[in-house]
Amino acid sequence: MSTSRKTYTKEFKLESIRLAETSGKTVSQLERELGLNQGTLFRWRRALSESGLEAFPGKGHLAPSDERLRRLERENAILRQERDILKKAIAVFSQKP
């Protein structure tokens, strides 16, 4: 039996963090009221402090730095394939009949 994982929007996460900072309630009390697992607000706060506005990119999206790395790796793989094709072509054309 599999359980589905809850997903929260970036706005919900940012608002929850703001509530934790301004409401005067304890973090554990807020987590219970919002229906979050214990420690979730701590992880969200840490992600926000580490990544700033790039935190919480959303499902299927990458942070801009990760997206650039992914694009460069894909481009590198294509260039390697093209190089290998050219090496094979040179080998075929340089053979003496």
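Which residues does leucine 30 touch, not counting residues up to four places away in sequence? In this predicted model, leucine 30 touches Leu19, Ala20, Ser23, Lys25 and Leu41.

Start with the overall layout. The protein chain has four helices and zero strands. From the N terminus on, its elements run α-α-α-α. Of the 97 residues in the protein chain, 13% are buried. Among contacts with a separation of 6 or more, 44% join residues 24 or more positions apart.

The average pLDDT of the protein chain is 84, and 88% of the residues score at least 70. Among the elements, helix 4 (residues 64-93) has the highest mean pLDDT, 90. Helix 3 has the lowest, 86. Where pLDDT is low, the predicted coordinates should not be read in detail.

Now return to leucine 30. Its place is in helix 2, residues 27-34. The relative accessibility of leucine 30 is 3%. Buried means under 20%, so leucine 30 counts as buried. One of its contacts is Leu19. Leucine 30 and leucine 19 lie 11 residues apart along the chain, and their C-alpha atoms are separated by 8.1 Å.

Leucine 30 also belongs to the largest nonpolar core. This core has eight residues in all: Ile17, Ala20, Leu30, Leu36, Leu41, Trp44, Ala55 and Phe56. In soluble globular proteins, nonpolar side chains tend to be buried together.

Leucine 41 is another member of the core. Leaving aside neighbours within four places in sequence, leucine 41 is in contact with Ser16, Ile17, Ala20, Val27, Leu30, Glu31 and Leu36. Among these, Ile17, Ala20, Leu30 and Leu36 are listed in the core as well.

The axes of helix 1 and helix 3 come within 10 Å and cross at roughly 105 degrees. Angles of 65 to 115 degrees count as roughly perpendicular, so helix 1 and helix 3 are roughly perpendicular to each other. On the helix 1 side, the residues are Phe12, Lys13, Leu14, Ser16, Ile17 and Ala20. They meet Leu41, Trp44, Arg45 and Leu48 in helix 3. By class, this contact has seven nonpolar, one polar and two charged residues.

Technical notes. Residues numbered from 1 in each chain as written. Predicted model: local features only at pLDDT ≥ 70, side-chain atom pairs only at ≥ 80, totals over all residues. Heavy atoms only, no water. Core = buried A, V, L, I, M, F, W, Y, C linked by side-chain atoms within 4.5 Å. Buried < 20%, exposed > 50% of the residue type's maximum accessible area, 1.4 Å probe, protein only. Contact = heavy atoms within 4.5 Å. Helix = DSSP H or I, 4+ residues; strand = E, 2+ residues; numbered from the N terminus. pLDDT = per-residue confidence, 0-100. Axes fitted to C-alpha atoms, helices over the stretch in contact; angles between N-to-C directions. Parallel < 35°, antiparallel > 145°, perpendicular 65-115°, else oblique. Nonpolar A, V, L, I, M, F, W, Y, C, P; charged D, E, K, R; others polar.
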